[in-house]
Amino acid sequence: MKGIFSQELEWKSFTNVGTIRDIAIDGGRVWSGSNGGVLRLQTQSFDIAKITNTEGLSSNEVVAVEIDHRGAVWFAFFNGVLNRYWPDDNVWEVVEDYRDQVITDIVAFGDSLYIGLDFGVSLYSIDKREVKETYVNLGLSSGGNVQKIGANSVFINGLEIWVATNQGIAQSSLDLPNLQAPASWRQYTTSHGLPTNFINKVVVVDGLPYAATRRGVARLVNGSWENTGFEAVNVISGDVVSANAFFSQNTLVIFTDSGVYYLDSAGQWRLLGSTSGDVTALKTDAAGNVWIGRRNRGLARFDFETQTWVTYETNSPASNNFKGLALDSKGRLWCASQVAGVDMFDGETWRNFNTSNGITSNDQRVVIVDAQDRVWFGSWGGGISVFEESGGDFVITQFNHRDGSLAGFTGDPNFVLVNALGLDQAGNVWALNREAITLQILVTFLTTGNRIYFSRNELTAANEALFSPFVTALEIDNGGRVWIGTENRGVKVLNHRNTLDNKNDDLVNQGLTVSGDNIFSDFITALKEDRDGVMWIGTDQGVNFWFNSVVRNQFGLINTNVNVIGVDARNRKWFGTPSGISVLDNDGVIRTNYTPGNSPLVSGNVIAFAFNETTGDVWIGTTNGLSLLRTPFTAPQPNLDLLSGYPNPFIIDDPNDRFIITNLAEGSSVVIYNSSGARVRSFGLQDIQGAQAFWNGRDENGDIVPSGIYVYLAFTESGLSATGKVAVIRR
């Protein structure tokens, strides 16, 4: 559409640091790569920031980090793609030469990178931007057959290159003319004294090679390896730490599942502080500082004066798993995680609630916000937790087997499964108590504080059981009927006829199955009613929709296995799948798919949605992070009384700057005039997709307007109109 600046959608990723896999250090910064992106720490100020795919990374799954001879930072990703980043200029380069290969390590040497792969070591020329050659067996093949030997890590000492593999150690010299020849490599295995052929890392300290293995640390002396400790321990990695005020000489520092250790001058291993066994990566810098990555906690530096580890964390969600999302009346985002309990984000700060501070399970599956702005979470094992704001904090109420509200399952009467919640028009909260031993699978928490139970084998006038114990999804339609999805019996519908206190008139003779109604599958994964009263039914094999007692099929999804269905303010349907998102327009056509390949979507496995109808923001929960997509699809206002625009003044300093005219009514058009009354820009009905119009400070010809006062006029076909003013400052 001509001149629609609003269609340039914005993305933002929110991730937990997760597991830091590698660390690189330049003169003033520590770079660490993780499955949640990159942490960058300034060593002078200790300021820490996170870089994700929406800041330039090709992916958030970082497996290796290195700094080259020109000061550029290299990031290798899980999918084999490389990024080269010039931090001072904020310039990114993408290298595709290793796409779909498994990168294990990167080591810079001169104008080259030595890249560890799962089938050898590859030489990449930085200046020529090309793969020079690859060493695929390192001389470790046996039986005369050529084998591809995977490199666990690469270490360069002077002109020596050491490669750690699962079949021993390969060593060569970089000044040899043909490292592709197996004869150019010297091999070390258990026959040379190594405690195992599973080698994680080789480090050379003052000319003496050490091997971190799955069975301790070995040292090469006079051509043979001897064990120096940790004989039965997996030594994950190590590095050379330079002499400093604490270390009288250069030495070796390593880490295991139990902590970080260093080799003292007497040849004894000493524990370096306490780390609770959560170390995931280690690196030393030129000043003799020891840096580690800590699982889900960011970076840490050992303070030799206090003999403690100082941890540097970013404000982030507690995990990258987002099972359920909901927004409260203040715009705060509430997140259910299967591994970390409950997260709340107020737009600036993340706050986590788990079993250590008030809830009964860290495996949360679903969240809704009721009419009183209380936040309800359903968990796998702990029942329901209700968060209610009081006195500036939250009071948490539990409903589970202890108070008799809910019941466990046959395998464990104390393990209460609540995997779906719903809210009806009267404000009552409905919950699915999966596999309840009481058979009371459906529970209604009335606004009066009372509860009503529906048993799965309860017979009605139609003499038919309500539904299976293996319930999966719940939706209450505008008529008050309760739709229940199951794993094996399709959909059952409870019509209580708006008389919850009288079960005698309940009907459960309606439902949808493969055999009776030709839905795609009896395994129901999602249910959602749209704004037109159409019920959308997600299954593990496709999407159906029901309207006026007729079932139809929806085709064209990016993946037929549907995890979640959402409806935005403009009644577009969003289908979350293991491959990304398909968006269905109101004309019944899917024109938009979002995947990590064609957008900054943080992960392809989409599990949850939350829609902010005021701002148009779409929150997208996945199994590897949270995405925020800013869209123009906001709910229209009933009139133009609240018409406004921001920012004011509107400073045009960047091509992405924009002035937002908001709170438009249904069917609005907008015209912008200069101080002389001349029309500068207009937005017709076809240009405004929600309750907002976006102006980039340009006129109809695409030229930036001069500084001055401008008037924006909004009007509807029904005769409503309103105006506002904005001061434009052109720089």
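Start by selecting Asn 509, which lies in strand β45, residues 507-512. The model you are viewing is a predicted one. Is Asn 509 buried, exposed or partly exposed? Asn 509 counts as partly exposed, because its relative accessibility is 44%.

**Stop two: a hairpin**

Select residues 62-67, strand β6. This strand is mostly covered, with 6 of its 6 residues buried. Next, show residues 73-77, strand β7. The two strands pair in the antiparallel sense, over 5 bridges. Which residue of β7 is the bridge partner of Val 62? Pick Phe 77: that is the partner. Together β6 and β7 form a hairpin, with 5 residues between them. Click on Gly 71 in the turn; its phi is positive, about 90 degrees.

**Stop three: an open sheet**

Move on to β18, β19, β20 and β21. These 4 strands form an open sheet in that order, and the pairing is antiparallel. Strands of a sheet pair through backbone hydrogen bonds, either parallel or antiparallel. Which strands are at the edges? Look at β18 and at β21, residues 224-227; each pairs on one side only. From one strand to the next, the twist averages 30 degrees.

Zoom in on β20 and β21. They run antiparallel and are joined by 4 bridges. Select Arg 219, then find its bridge partner in β21, Glu 226.

**Stop four: the cores**

Stay in this region and show the largest nonpolar core, which has 26 residues. Colour Trp 162, Ile 169, Leu 194, Trp 225, Leu 252 and Trp 269: they have the most contacts inside this core. Several strands give two or more residues to the core, among them β15 (160-165), β19 (208-213) and β23 (251-256). Which element supplies the largest share? That is β18, with 5 residues. In soluble globular proteins, nonpolar side chains tend to be buried together.

Now centre on Leu 252. Leaving aside residues up to four places away in sequence, Leu 252 touches several residues, including Val 203, Val 205, Tyr 210 and Val 217. Asp 239 and Trp 269 are also among the residues that Leu 252 touches.

Then jump to a second, separate core of 22 residues. Phe 650, Ile 661, Leu 664 and Val 670 are among its members.

**Stop five: aromatic rings**

How many aromatic pairs does the structure hold? There are 51. For one of them, select Trp 574 and Phe 609, an edge-to-face pair. Their rings are 6.1 Å apart, centre to centre, with 65 degrees between the planes. Trp 574 lies in strand β51 and Phe 609 in strand β54, so the pair ties together parts that are 35 residues apart in sequence. Trp 574 counts as buried because its relative accessibility is 0%. Phe 609, at 10% relative accessibility, counts as buried too.

Next, select Phe 246, Phe 247, Tyr 262, Phe 302, Phe 304 and Trp 309 together; they form one aromatic cluster.

**Last stop: charges over rings**

Show Lys 503 and Phe 454. The charged end of Lys 503 sits over the ring of Phe 454, 4.8 Å from its centre. Finish at Arg 572. Its charged end sits over the ring of Phe 633, 3.5 Å from the ring centre.

Note on methods: Residues are numbered from 1 along each chain as its sequence is written. This is a predicted model: local features need pLDDT of at least 70, side-chain atom pairs count only at pLDDT 80 or more; totals for chains, interfaces and linings use all residues. Side-chain values use heavy atoms; hydrogens and water are left out. A nonpolar core is a set of buried Ala, Val, Leu, Ile, Met, Phe, Trp, Tyr and Cys residues joined through side-chain atoms within 4.5 Å. Buried means under 20% relative accessible area, exposed over 50%, partly exposed in between (1.4 Å probe, protein chains only). Contact means heavy atoms within 4.5 Å. Two strands pair if DSSP finds at least two bridges between them. Axes are lines fitted to C-alpha atoms, for helices over the stretch in contact, and angles run from 0 to 180 degrees between N-to-C directions. Rings of Phe, Tyr and Trp (its six-membered ring) pair if their centres lie within 6.5 Å; planes under 30 degrees apart count as stacked, over 60 as edge-to-face and the rest as tilted. A charge sits over a ring if NZ of Lys or CZ of Arg is within 6 Å of the ring centre and within 35 degrees of the ring normal.
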